[in-house]
Amino acid sequence: MKELLEKLTASPEEKTFRLKARLEAAGPMTLWSKQTFLTCPHCERRATRQRWSESLYVCPNCGTYQPIGGYYRLSLLFDHGSFHELSVKTIQQDPLHFPGYAEKLSLQKRKTGLSEAAITATGRIGGMPVVAAVLDSRFFMGSMSAGVGERVTQAVEYASAKKWPLIIFSASGGARMQEGIFSLMQMAKTSAAIAEFSARGGLYISFLTHPTTGGVTASFASLGDIMLAEPGALIGFAGPRVIRQTLGIELPEGFQTSEYLEEHGFVDKIVPRSELRETMTQLLRLHTPKGQKV
Amino acid sequence: MIQDRLRRLQALENEQQTLSGTPDEAQRRAEIAEERSALVAGCAELSSAERVFLARHPKRPKIEEYIEALFTDFFEQKGDRQCKEDASILGGIACYKGVPVTVLGHRKGANLADNMKYNFGMPGPEGYRKALRMMHQAEKFGRPVITFIDTPGAYPGVEAEARGQGEAIARNLAEMSRLTVPVISIVTGEGNSGGALAIGVANRILMLENAVYSVLSPEGFASILWKDASRHAEACDLMRLTAQDLYQAGIVDEIIPEPLGGAQLDKKALFSCVDIALEKNLSALRRQTRAALASGRYKKFREIGC
């Protein structure tokens, strides 16, 4: 009944958001797919779409986490009706005029409906306002481009101006090769923005999802006051393929997973998808000064 | 190709040394001098792949030589105070024209034994944490920071990952951006990936004429984009990694000229060019207030790619 009421009274922005979230839910696996059964790419067993949806796209059979779309991620997190996408100052894409890149970009845009690999928004969690950024691995593997760096930086600066907590969900294959040095420099830009935000006393919760590697790991993703990770995610600086090739050795079992990072002291907590909202609410509450109205 | 020219130059050099001062050899000497200047003149226009070759030349000046030539009273600082000493970063306190500064940079080593000892200039997290420790100290004592960048990249290893390579680089980027002392970075050889940038968040980025600075080595770039590392020459052109490209893109503030044919041919001339550029930029920065230095650095990186 409550859900129905929410649906009927939702604003146009909320309706669009919920629709996008539902359509893209498990990224490439379900995008525009009409099949009743979905197959897990890991264990190759099938389950109904209904069961996948109930398990938040964690395989009902083997427990493997499927990548999920950015809007869907936020829909799991935000209070109903609180989503508001930040408008972005558009910047020049393709700074190197890299051959074939412009075509690839427009193809990715058409395929995903996204304009870059980062979505930035504000919303409320348990009534508490936050700024959130989500890197979306469907778009160029969530790689760091000037556009991604700019969006993340704008989100950090917005949180700073509003004095709201900041949550960033990272998922990235590393640098956007086609943007060369401009991609590299985004690491400095985003890290500087986080440092500035932190010096002003802002709370930054960094949430690492599969996969977080390269320049994103070596910048804003590693700088959270609180570091969280999704179970079984690949997290590292150099990718496992590069390390294997360079050293010519087999890598240890479980190397560069969330659990490995937790064991080595780089993650506070591994948070199952089903506990995402609950954990965030707890953390935000713990950072709300006593007596302060939210 | 520059490789052939340099080989021929070396051969001429060797021949000249065998010649004695007798008059009948005077003509040969003149010929050698003529061919030499023609060869050197031919090095004026270089392709980006040739610059990559020069940037990695084994005889290219190393950080020890820069410190020796430009600074006095160098006191080396070692260790990250947490885990170990990473020798692929060399740094410490020194005097530059009477002013105490913190100087640090990647150390590659001049021969194979040293290459191995210094891990070819590829730091692990301990190296970056050591660098950060030195920079924090520079902040405390109000010393300018001068960094020399020359690395194939951060080390991709199991231990490095276990001890947080990504976190170490990220922390450096964040902390460097807030330093309130002048920071100058000089890209002297190859600056690849986050491993270079981790000591490169500077107020001024200077770059030697034949140095290169990029998101990844051209080989790595080609292997990621085309799954074929042998296409690296093609990658060099597309990546826009030369000092000239980066100056045009507004990322590098000044190009330091090198002797024709590369820095390794006349180190003395090179050091005096570096000295002039360093002195000019440092004295300009030392006139700024501490707050202006930090906000200027923030703004510099904030505007890249906008």
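Let's start with the core. The largest nonpolar core of this predicted model has 154 residues. Which members touch the most others? Leu166(A), Ile181(A), Met185(A), Ile194(A), Leu173(B), Met207(B) and Tyr213(B) do. Helix H7 of chain A, residues 180-199, gives the largest share of this core, 11 residues. As background, nonpolar side chains tend to be buried together in soluble globular proteins.

Now the contact between the chains. Chain A puts in 44 residues, and chain B puts in 41. On the chain B side, several elements supply at least two residues each, among them helix H7 (158-162), strand E7 (212-214) and helix H14 (290-302). The largest share of that side comes from H8(B), with 9 residues. By class, the chain B side splits into 26 nonpolar, 9 polar and 6 charged residues.

Stay with H8(B). What does its packing against H6(B) look like? The two axes come within 8 Å and cross at roughly 20°. Angles under 35 degrees count as roughly parallel, so H6(B) is roughly parallel to H8(B). The crossing is left-handed.

Who meets whom? From H6(B) come Pro125(B), Tyr128(B), Arg129(B), Ala131(B), Leu132(B) and Met135(B). From H8(B) come Gln165(B), Ala168(B), Ile169(B), Arg171(B), Asn172(B), Glu175(B) and Met176(B). That helix contact has 8 nonpolar, 2 polar and 3 charged residues.

Key:
Residues numbered from 1 in each chain as written. Chains lettered and ligands numbered in written order. Predicted model: local features only at pLDDT ≥ 70, side-chain atom pairs only at ≥ 80, totals over all residues. Contact = placed C-beta atoms within 7 Å. Helix = DSSP H or I, 4+ residues; strand = E, 2+ residues; numbered from the N terminus. Nonpolar A, V, L, I, M, F, W, Y, C, P; charged D, E, K, R; others polar. Core = buried A, V, L, I, M, F, W, Y, C linked by C-beta atoms within 7 Å. Buried ≥ 20, exposed ≤ 12 C-beta atoms within 10 Å, placed from the backbone. Axes fitted to C-alpha atoms, helices over the stretch in contact; angles between N-to-C directions. Parallel < 35°, antiparallel > 145°, perpendicular 65-115°, else oblique. Left-handed = near helix turned anticlockwise from the far one by under 90°.
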